[in-house]
Amino acid sequence: MSDPRVTRWARRLVAAGAGFFLAFHLAVATGAGRRFVVVLGLYGFVLHVLFGKAYALVPAYFDRDLSVPQAPAAQFPLSVLGTVGLALAPVAPGWVGAIGSVCWALGVAVFVGAVGWTVRTNPTGAETGTGGANTHRQPVDRLANAVLPIALVYLAAAAVAVALPTVGRRWLVAAQVSHLLGAGTAALFVFGVGFRLFPRFLVAEPPRSLVRLVLPAGALAPALLAGGLFDRWLLLLGGVLEALAVVGFAVAYVALFRRSDRRRIGFYAVLGAVGYGAVGVGLAVMAVLDGRDPALVRAHYRTMLAGFLGLTIVGATFQFYPPTVGRSRLSTDRTAGGVIGLLGVGLGGQLLGLVSGHSLLVTGGAATGIAGAVLYCWLLGAAFRRR
């Protein structure tokens with residue numbers, strides 16, 4: 001039985017993530033700088049939702065209960081204030097960024113400490129809590145569990161890198177930290193948790209060969225991407241491995257979707273997400289071959305943040321918090337479908353505009369994305385109010 005304190009504060013972390021999602025889309029529409037946009041999208045939206053759901057899912061997946069139920073409440077103000085401070089750092093006095101860095105790193109320390117202490121007696125996830133009708137899923141569940149501690153290591157390394165400049169030291173540049181967080185923590189959580197969640201949601205089996213490909217490749221690639229950002233060959237190797245992981249996960253999810261007779265609204269969002277993941281990989285390849293063209297780089301990180309990670313999170317939250325739970329007439333699967341359509345079409349317009357140089361497409365796509373983010377926040381808020 002989940003502790004009500006964990007449930008309450010984990011939900012608040014998810015709600016904060018939704019707020020940052022809207023802020024991310026507003027920042028994109030106003031032409032804000034890359035750093036501001038990435039912090040709101042990655043540190044704010046993606047990681048806050050990840051933190052909130054991981055407090056509930058990871059202990060259960062490792063057949064444990066969260067050892068420190070006060071952790072989500074302790075982390076919440078640190079992570080929210082930290083994200084705001086990091087976002088404002090480029091335009092604010094130096095102390096704002098310093099406080100943001102320290103708060104955010106402390107929030108990560110709370111999260112990693114609480115989850116790490118919880119699974120300390122089962123560090124590889126060999127005990128999966130899988131039984132009964134799902135006993136046949138144990139081999140995949142063990143493989144999926146094994147990469148989650150690696151994701152925590154990437155998260156801890158990124159937190160150290162974020163905090164070091166406050167004491168006059170620097171270990172990694174911002175782009176390297178973003179790769180550790182985006183590919184190393186967020187994407188690896190999508191792979192690991194996804195191979196546990198989606199087969200159960202869809203009541204189908206993923207291709208085992210793809211599971212064995214995606215998880216090791218997704219675990220190793222972030223270190224090469226971050227470490228090789230200024231080394232063409234390491235970057236190329238890391239990019240190949242990450243491409244294998246993202247495309248392999250996309251193929252595995254499509255296979256799950258086709259094998260299932262379930263058609264809930266959130267599943268379509270994830271279908272769009274894995275499609276955009278493949279597009280994001282292609283854009284990364286084009287950016288490297290074209291000498292890191294700024295437009296292609298911008299298109300790549302927007303695709304991965306708003307498309308692959310963003311739509312995956314939207315789909316998963318619609319599954320955890322069904323749109324129909326809300327009491328309003330707009331709390332329907334049709335509205336949720338509108339959210340998915342607006343977010344997907346909006347991102348597509350932005351990408352076409354960035355690649356072709358047509359600013360009107362970028363502007364129109366960004367405005368469409370804002371509409372989708374507003375509706376998403378409204379549906380999530382309605383579901384939370386009902387609960």
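Helix 8 (residues 232-259) contributes the most to the nonpolar patch, with 4 residues; helices are DSSP runs of H or I with at least four residues, and strands are runs of E with at least two, numbered from the N terminus. This is a predicted model, in which local features need pLDDT of at least 70, side-chain atom pairs count only at pLDDT 80 or more, and totals for chains, interfaces and linings use all residues. Residues are numbered from 1 along each chain as its sequence is written, and side-chain values use heavy atoms, with hydrogens and water left out.

The protein has 12 helices and 0 strands. The radius of gyration, taken over C-alpha atoms, is 19 Å, close to the 21 Å that the globule rule gives for 387 residues, so the protein is as compact as a globular protein of that length. That rule is 2.2 Å times the number of residues to the power 0.38.

| Property of the protein | Value |
|---|---|
| Span of the C-alpha trace along its principal axes | about 55 × 45 × 45 Å |
| Buried residues (under 20% relative accessible area, 1.4 Å probe, protein chains only) | 54% of the 387 residues |

The largest nonpolar core holds 127 residues, of which Trp 104, Phe 191 and Tyr 376 touch the most other members. Such a core is a set of buried Ala, Val, Leu, Ile, Met, Phe, Trp, Tyr and Cys residues joined through side-chain atoms within 4.5 Å. Helix 2 (residues 34-61) gives the most to this core, with 17 residues.

Trp 233 lies in helix 8 and is exposed (over 50% relative accessible area), at 65%.
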